[in-house]
Amino acid sequence: MAAEAGAIYQAALAGGLNPAFVAGLASAESSFGAAGYARGTKNPYGLGVHLGWTFPTYAQATKKLADTLGGLGYPKLY
């Protein structure tokens, strides 16, 4: 994920998410994309794992995370 850090940060901000929350979730769910299902799928947050979701970039996964949480009433921070 490090190579896309800037894009992930910008996607988090654009989606109204706190970048620290995004980083913490990626750490807890997949060791920053290095463990489990996240390897090779660019899905570090565990979104739609049982549906086989994959993403072309980590920034796209972050955008989907923001869209998903926004639909659940997650408060916009930015």
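On a 1 Å grid over the protein atoms alone, a pocket is an open set of points where a 1.4 Å probe fits, with protein on both sides within 12 Å along at least five of seven lines; its lining residues have an atom within 4 Å of a point. A volume is the space filled by probe spheres set on the points, which are joined across faces, edges and corners. This is a predicted model, in which local features need pLDDT of at least 70 and side-chain atom pairs count only at pLDDT 80 or more, while totals for chains, interfaces and linings use all residues. Residues are numbered from 1 along each chain as its sequence is written, and side-chain values use heavy atoms, with hydrogens and water left out.

**The whole chain**

Begin with the entire chain in cartoon view. Its secondary structure consists of three helices and zero strands, in the order α-α-α along the sequence; helices (H or I, at least four residues) and strands (E, at least two) are DSSP runs, numbered from the N terminus. The C-alpha atoms fill a box of roughly 30 × 25 × 20 Å along the principal axes.

**The largest pocket**

Next, select Met1, Ala2, Ala5, Ile8, Tyr9, Ala12, Pro19, Val22, Ala23, Ala26, Phe32 and Tyr45, which line the largest pocket. About 170 Å³ of space lies in this pocket. Which helices each supply at least two residues of the lining? They are α1 (5-14) and α2 (19-30). By class, the lining has 12 nonpolar, no polar and no charged residues; Ala, Val, Leu, Ile, Met, Phe, Trp, Tyr, Cys and Pro count as nonpolar, Asp, Glu, Lys and Arg as charged, and the others, Gly among them, as polar.

**Ser30**

Now select Ser30, in helix α2. Is Ser30 buried or exposed? Ser30 is buried, with a relative accessible area of 3%; buried means under 20% relative accessible area, exposed over 50%, and partly exposed in between (1.4 Å probe, protein chains only). Ser30 touches Ala35, Ala38 and Pro44, not counting residues up to four places away in sequence, where contact means heavy atoms within 4.5 Å. Draw a distance from Ser30 to Leu13, 17 residues apart along the chain: their C-alpha atoms are separated by 21 Å.

**Thr41**

Finally, move to Thr41, in the loop between α2 and α3 (58-71). Thr41 is buried, with a relative accessible area of 10%. Leaving aside residues up to four places away in sequence, Thr41 touches Trp53, Thr54 and Phe55.
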